[in-house]
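Have the model open in your viewer, with the selection tool to hand. The stops below take in pockets and helix packing.

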Amino acid sequence: MNLQLKNRKIILGITGSIAAYKACTLCRMLVKQGAEVHVVMTSSACKLVAPATLEALSGHPVPVDIFEDADKIGHIALAGNADLAVIAPASANTIAKMAAGFADNMLTAAVLACTCKTVVVPAMNTHMLHNPATVENLETLKRRGMLIMQPATGDLACGINADGRMPEPAEILNYIIKILNSDISPEGITYVPQDLLPTPKRTAMLTQTKLLGKASGAGLKVVITAGPTVEDLDPVRFITNRSSGKMGFALSAAAKALGAQVVLIAGPVKLDTPEGITRIDVRSALEMLHAVEDNLKGCDVFIGCAAVADYRADHIESQKISKRDHRDGLTIKLVRNPDIVATVGKLENNRPFTVGFAAETQNGEEHARRKLADKNLDLIALNYVQHSNIGFDSDQNELMIFDRDGIAARYGVQDKNVLAASFCDLIFERVKKGQA
Ligand code: C5P
């Protein structure tokens, strides 16, 4: 298994922002990628999330009090040889302390002792974020070489919709992987999303901070199909395809995190709806097709990730088919379902950028290239589904992406959320290039 953060020592600092609960997911994701995670929390963070939770998730003690937890002072020693420190979420208070060089708690002391790169992920009330004090503090940290992630826009704990949210853990993880696994300098992946910049009266100060982050999907409407479809034979029986829906849901969350408006059309799956997206539940391929058609207006990107059943019963029996009536076997006539992604790919008017998937067991490249052409797609993602560690039901996947010229990208085995963020980013960059 290709663990992208294998043996990397990461200090995860958690402060008292309401987004602290998301740090638990981030911690879990880092550990799953093979990182050795050492969590440090402020006392306010402990009021929101229990240190015991983070101890369980990271497998290491979580120090809070610089004197009482003196036996855990290894964290300060660790700061000297950590590969990366990530402060997520970073409250205005801790940002101010870091800018001033305070070391009055375990977290600020560890940060001050760090010699590695430090990523700061601000998460706070939008007015606190735009207060000149915070803006200047962030600028100070940036000037000293710290990497500041751009806060996301969305519903804040204070009840308004504005910027200040902590980016989703998958996005932070993706960023960390890029920092630790590439030769690109942090500056190389700096991106100031124009449409997420604050309103003009405060633009000048914030652009100077060159906040990090990505909003490559801003302004785009994305429709995604996910999960299987279920084709009923009678009130009790049905035929379906194997699909957990995890990849399509991860793509929806990633597209949303990258700033897109997302409509997710899902077959029957047991997954929570990612925050901030519109979800439409369907059962059969025909229902899925109708839901897609109803939502194509203004759609810039269509991603057909669903494992749509190719056939349905010609006739659905209204009563349970009795065994006694079919002692020698049962013949069911199946008819072809419409191909949803091909229907979209072949639209003559207002055709969105169309992306399909090819789940294969053999000769994958050949099948993927043929499907790309036959269905008139812009991109197709090939995944091999016979390996147990990837594909069906797994949290991981490996994808090879083809466009009409050949291989557009390869993503090694990795968490589906991380993979989804990279793939969506690639799609959105292509769409924007096409629109330019
Ligand atoms: O031809 P195959 O079913 O392998 O193609 C897979 C791709 O086509 C996937 O993107 C899947 O979502 C899409 N598809 C569809 N409608 C179907 C069958 C497949 O949208 N009826």
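**Stop one: the second largest pocket**

This is a predicted model. Begin by selecting H11, strand S13 (301–304), helix H13 (340–345), strand S16 (353–360), helix H14 (364–374) and strand S17 (379–384); each gives at least two residues to the lining of the second largest pocket. Now colour S16. This strand supplies the largest share of that lining, five residues.

How much space lies in the second largest pocket? About 880 Å³. To centre your view there, pick Ala306, Ala307, Val308, Phe357 and Ala359, which are the closest to its centre among the 43 residues that line it. Colour the lining by class next: 19 residues are nonpolar, 13 polar and eleven charged.

**Stop two: the largest pocket**

The largest pocket holds about 1300 Å³ of space. Its lining comprises 45 residues; Glu168, Pro169, Ala253, Pro274 and Glu275 lie nearest the centre. By class, that lining has 20 nonpolar, ten polar and 15 charged residues.

**Stop three: H11 against H15**

Hide everything but H11 and H15. Their axes come within 8 Å and cross at roughly 60 degrees. The two helices are therefore oblique to each other. The crossing is right-handed.

Show side chains at the contact. On H11, select Lys246, Met247, Ala250, Leu251, Ala254 and Ala255. They meet Lys416, Asn417, Leu419, Ala420, Ala421, Phe423, Cys424 and Phe428 in H15. Eleven of the contact residues are nonpolar, one is polar and two are charged.

**Stop four: H5 against H8**

Move to helix H5 (residues 92–100) and helix H8 (residues 132–143). The axes of H5 and H8 lie 9 Å apart, and the packing angle is about 50 degrees. H5 and H8 are therefore oblique to each other. Is the crossing of H5 and H8 left-handed or right-handed? H5 passes H8 in a left-handed crossing.

Select Ala92, Ile95, Ala96, Met98 and Ala99 in H5. Facing them in the contact are Thr134, Asn137, Leu138, Thr140 and Leu141 of H8. Colour this contact by class to finish: seven residues are nonpolar, three are polar and none is charged.

How values were computed. Residues numbered from 1 in each chain as written. Predicted model: local features only at pLDDT ≥ 70, side-chain atom pairs only at ≥ 80, totals over all residues. Heavy atoms only, no water. 1 Å grid on protein atoms, 1.4 Å probe; cavity = no way out; pocket = protein on both sides within 12 Å on 5 of 7 lines; lining within 4 Å. Points joined across faces, edges and corners; volume = space filled by probe spheres on them. Nonpolar A, V, L, I, M, F, W, Y, C, P; charged D, E, K, R; others polar. Helix = DSSP H or I, 4+ residues; strand = E, 2+ residues; numbered from the N terminus. Axes fitted to C-alpha atoms, helices over the stretch in contact; angles between N-to-C directions. Parallel < 35°, antiparallel > 145°, perpendicular 65-115°, else oblique. Left-handed = near helix turned anticlockwise from the far one by under 90°. Contact = heavy atoms within 4.5 Å.
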